[in-house]
Every structure is written in C-alpha cells, then in structure tokens.
Amino acid sequence: LEDKVDSVLASVNLKDFQDVKISLLSTGQLKKANLARLWLSTHPIWLLDEPFLGLDKVSRNTIKNLILTHLSLGGIVLLASHEAFVFPRVKVLHLYT
C-alpha cells in the first residue's frame, strides 16, 4: 500500500508534501490531495464539485488525467462545473435556473 500511496502522491506532484499537515496545504494542493485519496479508494463513482476551480494549468491537467484514467478503467465521474471541459465519450447536462 505504501508504494501505491507514493505513486499516487507523485502523480499529483505532492510527494514532497506527504508529511505536511493538511491544514497547511494551499487550495490547489488540498484539491490534489483529496483527488489522490479518492484515487486510492475503490469507489467506482466519483462525485466532483468544481474540481478545477482555483488551479493552475499544470494542476488542472493533472486532475484531468486522473479523471480520464478513472474513466478508462470503467469508472464513472459526475462533475459539476461552471467551466466547459472536453472529455471523450462524456454526456454533458446543462442545468439552468
């Protein structure tokens, strides 16, 4: 399990932060840490609310790649966002109030 954790933390560029208290992480680092934790779970369905908000381009691409990998492994992602993102074979629902 430790090797898997190390691998996932490296994939989200948080390997150097594994011993840092979660309260000291930036918004982007916290989002990546939460997604890494989700990646380590066995949950087939991910519910993500604004996962790209407040992230730089590199972090956005990292999270997008984790989502794409989860989808390629047969997972499901329900993602709420005010931004348009392109994912292959994705159904988009536009909700208006």
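**Exercise 1. Decide whether T62 is buried or exposed, and find what it touches.**

Solution. Start with the place: T62 is in helix α3. Helices (H or I, at least four residues) and strands (E, at least two) are DSSP runs, numbered from the N terminus. Next, take the area. T62 has a relative accessible area of 12%, so it is buried. The classes are buried (under 20% relative accessible area), exposed (over 50%) and partly exposed (in between), with a 1.4 Å probe and protein chains only. Last, list the contacts, meaning heavy atoms within 4.5 Å. Leaving out residues up to four places away in sequence, T62 touches S11, V12 and N13.

A note on the source: this is a predicted model, where local features need pLDDT of at least 70, side-chain atom pairs count only at pLDDT 80 or more, and totals for chains, interfaces and linings use all residues. Residues are numbered from 1 along each chain as its sequence is written, and side-chain values use heavy atoms, without hydrogens and water.

**Exercise 2. Find which side of α3 is buried, and what covers it.**

Solution. First, list the buried residues of α3: S59, T62, I63, L66, I67 and H70. They cover an arc of only 130° around the axis, so they are on the same side of α3. The arc is that of the directions from the helix axis to the C-beta atoms. Finally, name the cover. The buried residues of α3 are covered by elements including α1, α2, β1 and β2.

**Exercise 3. Check the span of α2, then list its buried residues.**

Solution. The expected span of a helix is 1.5 Å times one less than its number of residues. For the 14 residues of α2, that gives 20 Å. The end C-alpha atoms of α2 are 20 Å apart, which agrees. Its buried residues are G28, Q29, K32, A33, L35, A36 and L38. Their cover includes α1, β1 and α3.

**Exercise 4. Describe how β1 and β2 are joined.**

Solution. Take the strands: β1 covers residues 45-49 and β2 covers residues 76-80. They pair in the parallel sense over five bridges; pairing requires that DSSP finds at least two bridges between two strands. One example is D49, whose bridge partner in β2 is A80. Right-handed means that, with the strands pointing away from the viewer, the path from the first strand over the helix to the second runs clockwise.

**Exercise 5. Find which residues other than glycine have a positive phi, looking at N13 and E50.**

Solution. Most residues other than glycine have a negative phi. N13 has a positive phi of about 60°. N13 lies in the loop between α1 and α2, and at 45% relative accessibility it is partly exposed. E50 has a positive phi near 50°. E50 lies in the loop between β1 and α3. With a relative accessible area of 12%, E50 is buried.
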